[in-house]
Structures are given as C-alpha cells and as structure tokens.
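Morning, everyone. Please look at the model on the screen while I talk.

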Amino acid sequence: MRHRPTILDVAKQAGVSKSTVSLVLQGNAAVKESTRVAVRKAMADIGYVYNRSAATLRSASSGLIGLVINDLRNPFFTEFAALFQMELARHGFATVLANSDEDPALQVQMISSLVEHGVSGFIISPSYGGDEEALAILNAAQTPTMQVFRSLAGPECHHPFIAPDYQHGSQLAAEHLFAKGRKQVAFLGGLEGRPVTEERMSGYLQVLKKRGDEPIILTGQATRTFGKETISKLRQDHPDVDGVICFNDLVALGVLSACAEEGIAVGADLKVVGFDDIEDCQDSYPPLSSISSNIPEFAKATAQQILGWIKEDEKPKPLVRSPVELIERASSR
C-alpha cells in the first residue's frame with residue numbers, strides 16, 4: 001500500500017465496520033473472539049500499527065478545535081463558522097473561534113495562542129502573507145490541521161486543503177450569461193494576483209478563450225463599496241458590457257445598489273451573477289443569482305473530516321474540491 005494503513009483499511013481487509021476495529025483495538029470484551037482474530041490478522045496482513053500512546057493522547061485531548069478565519073465580517077465566512085461550530089457541538093467538541101482580519105501577524109499570534117491552549121485540531125482559512133511563520137508553528141505543533149477556502153503557500157505546507165470548485169463556478173456563471181444572450185461579460189472584484197482571485201476567474205477566462213473574446217477584468221477589494229464604485233467606471237470604459245460575474249456576493253450586492261441609483265435595469269440592461277450565495281442574495285432587489293458552494297454541507301464535511309483525523313487517525317485527502325452550482329434568480333433572468 002502506498003499510504004500508511006488506517007483503521008478503514010483494516011476494516012475493509014477484515015470485512016467488518018470501522019467501529020468494530022476500534023472496539024478490538026480498545027480491548028472491548030463484547031467483541032467475539034472470531035472477529036477479534038480476523039481483525040488482528042488483517043492488521044498484520046496490511047502492516048497496520050496501532051499507536052496506543054497517540055490514541056491515549058487523543059482520548060484525553062482538550063475537546064477544542066481552533067477555527068481561524070481570515071475575515072469574519074464577510075457573511076460567507078460567518079455562515080461557515082456557525083454551521084461548523086454546531087456540527088462539532090453535536091459530536092461533543094467545542095470551537096475556539098479567531099478572526100485574523102486579513103492580518104498575517106495577528107494570524108500567527110492566534111495560532112500560537114491556540115497551540116499553547118492545547119487544541120485538538122485546527123481549521124484555518126488563512127490570511128495572505130506570513131505563510132512561512134504560520135506553517136512553522138503548525139508543523140512544530142503536529143496538531144491535525146486542515147485548510148479551507150484558501151491555502152498557505154510554501155514547500156513545507158502539507159496540511160489537507162478543502163475548497164469549493166471555484167474554477168467550475170465561474171465557468172457556470174459565464175456560460176449562463178452567454179446562454180442568456182449577453183454579448184460582453186466582465187469579471188469584477190478580487191485582489192489582483194491572489195490565488196483565490198485567479199481561481200475564481202479562471203473558468204470565466206476559459207469560456208472567453210473558447211469564444212475568442214477578450215476578457216474584461218476590474219480587480220479590487222471584495223466589498224460592496226468596490227462593487228458600487230465600479231459600475232460607473234465600467235459604463236464609462238466598457239459601455240457595451242451587458243453581463244458581469246462578481247468575485248463574491250458582496251461585490252455583486254454593491255453592483256445592484258449602484259444600478260438602482262444610476263437607473264440601470266438589472267436583468268435587462270445588465271445581468272449580474274455573484275459568488276458564494278450568502279443569505280442576502282435571496283432578499284436583495286432584485287434577488288441575486290449566485291454560485292452556491294452549499295456551505296451547510298461544506299461545513300458538515302469539514303467537521304467530519306477533522307474529527308475523523310483526531311479520533312481515528314484518518315488523515316483527509318491532500319486536496320478536495322467540493323461541488324458548486326448556479327442558483328439562478330432575477331438578476332440574471
């Protein structure tokens with residue numbers, strides 16, 4: 001086997017459930033002797049070694065999971081944090097929440113503090129910058145750590161990463177707008193050069209390349225203010241643009257606000273698609289089309305993976321892209 005054998009591998013080899021293997025490892029007397037023999041044989045066959053000291057440490061762990069988020073003022077991250085915390089609570093774990101506010105120095109400080117308090121695991125949506133120092137602390141701590149939405153950079157980053165399929169999302173948005181008869185589609189928002197910005201516009205760029213169209217990109221802070229201020233510039237420099245894909249819903253909501261002030265009919269003159277599908281999308285005027293990452297399922301899956309790692313030593317896959325879908329509403333109909 002190429003990877004280190006896990007309890008799941010033992011269960012598959014022995015033809016029993018994962019919980020049965022756990023009971024055997026714990027020496028539970030309720031397990032039949034024949035089952036115990038089968039499990040022990042499977043362990044020997046695949047080379048599984050039970051780290052009892054690590055298991056003891058896990059069972060006596062703090063029961064705390066550190067959740068470090070880059071910007072809790074963004075409703076997208078707030079929704080994820082709330083749902084993640086509730087899922088952990090259902091399994092008897094508590095969440096220690098930290099907002100780095102896109103400050104790499106504060107992020108390092110928070111990670112260090114959480115390590116000192118003995119958290120059992122980390123979930124981190126990192127701010128940009130200071131990656132080397134943050135990684136050094138996380139690697140030294142040897143605490144199960146998962147990255148979500150964004151990834152720390154560098155050759156020493158070996159922590160599993162789970163994020164929505166951003167590329168497919170912007171591809172869906174672009175194909176949708178052109179299918180609705182749009183002639184020129186622009187991409188608005190996201191700081192230039194940031195990996196998440198490049199990912200979120202990559203599907204859009206692919207669609208335009210296939211069509212032979214030149215992209216129109218206006219980058220900037222992923223805020224309502226940027227979206228609102230960008231519309232006048234877009235109309236002045238690119239008056240033929242009749243569809244926009246926004247880096248996130250905050251930018252898109254700012255676009256809707258500017259259109260209302262400037263007399264632009266959203267859905268007719270200009271079709272708008274956001275990204276993330278926060279709750280405000282349903283209540284905006286008009287309701288905002290958006291790329292949904294299904295945050296409830298994303299939060300649940302993330303919680304289950306970090307708990308599996310902590311409790312059963314089942315390290316998640318290095319990279320997972322979760323599915324996305326276009327939620328069509330009046331802003332692009």
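A word on the source. This is a predicted model, where local features need pLDDT of at least 70, side-chain atom pairs count only at pLDDT 80 or more, and totals for chains, interfaces and linings use all residues. Residues are numbered from 1 along each chain as its sequence is written, and side-chain values use heavy atoms, with hydrogens and water left out.

Backbone first. Most residues other than glycine have a negative phi, and most peptide bonds are trans. Now look at Tyr285 and Pro286. A cis peptide bond joins them, with omega about -10 degrees. Pro286 is in the loop between α12 (280–283) and β10 (289–292). Helices here are DSSP runs of H or I with at least four residues, strands are runs of E with at least two, and both are numbered from the N terminus.

Next, Glu102. Its phi is positive, near 60 degrees, and it is not a glycine. Glu102 is in the loop between β2 (94–99) and α6 (104–116). Buried or exposed? Glu102 is partly exposed, at 32% relative accessibility. Buried means under 20% relative accessible area, exposed means over 50%, and partly exposed is in between, with a 1.4 Å probe and protein chains only.

Asp313 also has a positive phi, about 60 degrees. Asp313 sits in the loop between α13 (295–312) and β11 (319–322). It is partly exposed too, at 27%.

Now the rings. How many aromatic pairs does the structure hold? Nine. Rings of Phe, Tyr and Trp (its six-membered ring) pair if their centres lie within 6.5 Å; planes under 30 degrees apart are stacked, over 60 edge-to-face, and the rest tilted. Take Phe80 and Phe84: they are stacked, 5.7 Å centre to centre, with 25 degrees between the planes. They are four residues apart in helix α5 (residues 75–90), so about one helical turn separates them.

Last, two helices. The axes of α2 (residues 18–25) and α3 (residues 33–46) come within 10 Å and cross at roughly 95 degrees. Axes are lines fitted to C-alpha atoms, for helices over the stretch in contact, and angles run from 0 to 180 degrees between N-to-C directions. So α2 is roughly perpendicular to α3, a term for angles of 65 to 115 degrees.

Notes. Parallel < 35°, antiparallel > 145°, perpendicular 65-115°, else oblique.
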